Amino acid sequence: MRWGRRSRAVLCAVLAAGAAGCGGGSGGVPVVNLYNAPQENLAVIVERCDREAKGAYRIALNTLPRGADDQREQLVRRLAAGDPGLDVLGLDVTWTAELAEAGWIREWKGAHAEQAAQGTLKQPLETARWHGALYAAPYTTNVQLLWYRSDLMPEPPATWDGLMKESARLAGEGKPHYGEVTGAQYEGLVVWFNSLVESAGGSILSPDGEQVALGPPAERALGVMRAFARSKAADPSLSNTKEDDARLAVEGGRAAYELNWPFVYAAMAADRPEMVKHFKWAPYPGLDGPGRAPLGGANFAVSRFSAHPEAAFAAALCLRDPESQRIAATKDGLPPTIEAVYRAEGMAEAYPMRDAILKALRTAAPRPKTPTYQNVSTVTAVTLSPPAAIDPPRTLATLKELIGDALQSKGVLP
Amino acid sequence: MSEGGIAEGDAREVVSKGRAVLGEGQRAERRLGLWLCAPAALVMLLVAAWPVVYSVLLSFQRYDLRFPGEKAWIGLANYGTVLASPFWWNALGVTLLVTVVSVALELVLGMALALVMYRTLLGRGLVRTVVLIPYGIVTVAAAYGWKYAWTPGTGWLAGLLPEGSAPLTQHWPALGVIILAEVWKTTPFMALLLMAGLALVPEDALRAAAMDGAGPWQRFRLVTLPLMRPAIVAALLFRVLDAFRVFDNIYVLTNGAQDTSSVSVIAYHNLIGGLNLGIGSTMSVLIFGVVALVAFVFVKGLGASAPGEVR
């Protein structure tokens with residue numbers, strides 16, 4: 001460890017010059033290194049916060065890779081090495097537990113925590129907690145909705161059964177009848193499964209994240225996934241479909257509806273303006289009635305190894321304050337976590353579906369909270385792929401075993 | 001590759017006559033030699049041996065970076081976990097399949113290319129340069145090229161397939177694409193090694209065989225191949241060890257989805273993605289073991305260490 005720190009210091013000295021990556025008290029204005037997923041107008045937000053800081057700090061914006069796995073990999077590698085060059089980290093909502101448990105991010109306390117929680121929606125705030133403590137400040141959130149063509153499906157069904165019946169009807173009439181879901185072997189498949197299990201009244205893990213729960217609701221959920229993948233609703237490329245493939249299938253006129261994040265609306269308005277007047281949204285379907293929609297989003301955390309944590313907390317708070325969230329929402333299509341922002345200027349035009357999002361957020365299903373989420377998610381996606389091959393009792397047994405191993409870091413990742 | 005000029009005449013004599021005949025001056029010289037190469041040996045030990053030893057030590061521990069408080073020595077439990085995991089055996093199977101199929105294809109194609117290049121009279125330099133292009137391209141860059149080529153929508157190759165097919169998202173087609181990318185990439189290397197081997201075959205022997213009435217195929221099979229044997233074995237050793245470590249192509253093309261992880265990819269996923277140093281190191285140690293075994297078989301069984309040696 002000591003040796004590691006010294007070699008880092010040497011490396012920093014060698015690379016010094018800009019000093020951007022090495023932080024340290026070199027005097028002058030502290031530079032807060034922000035690491036975030038690519039976001040087109042984040043620089044606008046950063047500039048605004050620099051102005052607001054009035055010389056208390058300066059934010060250096062560093063962009064992580066595009067894929068969530070690649071982002072996480074870069075962050076955890078550098079945190080595991082105790083890299084002092086990271087200050088504010090943009091985290092996917094599923095990483096909070098892992099980074100908190102490993103001791104790589106700082107707890108939010110006192111005035112900071114109060115400010116982060118003030119006016120923040122409950123579900124997104126919950127994703128920033130681990131073992132009752134706050135480890136990040138919610139920045140953006142996201143929920144999936146049912147997006148459908150009202151010219152084909154005037155009455156959107158509230159259940160998966162209803163969706164399959166609608167598809168069968170449309171197929172009988174020789175119309176586009178596919179329903180797009182994220183069925184490829186990746187995180188999106190886990191998101192779909194988790195939402196079904198929660199809609200059936202169950203959960204993947206126990207609330208403390210230590211035990212596998214699953215059980216009868218999970219078996220029902222598996223039955224629905226299998227039935228859907230074998231029904232008229234299933235696109236032949238279901239087992240390859242990710243979010244963007246689903247969007248393209250609807251825009252291309254092949255599918256009648258999709259379960260997806262709200263970005264599809266802006267994309268439809270841009271790509272197929274003639275189609276958008278029939279492009280409507282409805283609550284995420286469930287098993288016996290409306291379901292619990294998948295919850296997404298991103299939070300800001302402060303690195304344990306940051307050399308100037310006070311400046312980092314202040315910067316993170318500015319980066320997610322109402323005005324920053326309004327910019328992110330209206331310019332980059334990222335739904336805010338502060339409730340009041342939904343009524344802010346420009347939101348009605350950028351977010352015609354904002355009431356539906358707010359409503360869905362109240363019941364949205366968070367993903368399991370565990371430091372080993374990465375492992376749980378990977379083995380779940382492998383086991384559920386392809387959805388048409390699911391055999392509910394057998395698949396459930398495999399899931400229980402593999403997730404149980406993953407929780408104890410005993411499991412092997414494929 | 002060449003065996004000439006390895007040792008001076010008298011040094012070889014000393015070795016062959018045994019140790020007893022060394023004079024005082026020679027012994028001092030030898031001591032000095034040892035001292036002179038000691039720093040290099042030490043550095044080698046540090047950079048080559050220590051990481052291996054460290055991996056072995058890690059493989060006996062429960063060591064997950066996410067649970068720093070639960071670090072513990074657990075003996076062989078990690079080996080039990082890995083060897084009981086179907087994911088590991090699947091990865092080993094994929095690795096062996098990719099190794100055997102791609103090296104076999106490369107040997108045949110490489111031999112054909114070597115023959116063409118060796119006999120080319122016109123534009124010899126140009127032909128050799130052109131053939132080497134794939135080997136000169138960075139593997140990761142080439143892999144991205146293949147990835148986009150096989151992705152529906154962006155790819156010229158995917159466009160040739162029936163509508164809606166995405167070969168990289170299915171097990172066997174994905175494996176096929178991976179093997180293809182490997183073969184495309186390293187056949188030139190194989191051809192280059194084999195061409196060096198062709199130079200070992202004396203023209204006289206071929207002419208004599210032709211005089212005796214041997215056809216081209218007989219000359220190739222009965223004269224060229226046996227004389228090239230050392231070069232072929234060396235080329236195979238290089239390529240088998242290389243192919244067994246296949247990583248870049250799989251990482252870019254599928255990242256192990258649809259059961260296409262090789263042992264290197266699965267070790268990477270557990271070490272870097274899963275942050276599980278114990279399990280990941282166990283896999284690294286197992287990979288090291290297999291590579292050592294393959295090298296041993298080649299060197300001892302097939303005599304790859306001494307190309308040109310008369311057997």
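This is a short walk through a predicted model, one selection at a time.

**Stop 1: strand β3 in chain A.** Select residues 88-92 of chain A, which form strand β3. Is this strand mostly covered or mostly open? It is mostly covered, with 4 of its 5 residues buried.

Stop 2: To see a pair, click on A:Y35 and look for A:L89 in β3(A), which stands opposite. For an example, select A:G90, whose bridge partner in β11(A) is A:F300.

**Stop 3: a cis peptide bond.** Move to the loop between α16 (373-384) and α17 (392-407) of chain A, where you will find A:P386. The peptide bond leading from A:S385 to A:P386 is cis, and its omega is near -10 degrees.

**Stop 4: a positive phi in chain A.** Next, select A:K54, in the loop between α2 (42-53) and β2 (58-63) of chain A. This residue is not a glycine, yet its phi is positive, at about 50 degrees. A:K54 is exposed, with a relative accessible area of 75%.

**Stop 5: a positive phi in chain B.** Finally, go to chain B and select B:D259, in the loop between α10 (248-253) and α11 (263-273). B:D259 is not a glycine either, and has a positive phi of about 55 degrees. Its relative accessible area is 37%, so B:D259 counts as partly exposed.

Note on methods. Residues numbered from 1 in each chain as written. Chains lettered and ligands numbered in written order. Predicted model: local features only at pLDDT ≥ 70, side-chain atom pairs only at ≥ 80, totals over all residues. Heavy atoms only, no water. Buried < 20%, exposed > 50% of the residue type's maximum accessible area, 1.4 Å probe, protein only. Helix = DSSP H or I, 4+ residues; strand = E, 2+ residues; numbered from the N terminus. Pairing = 2+ DSSP bridges.
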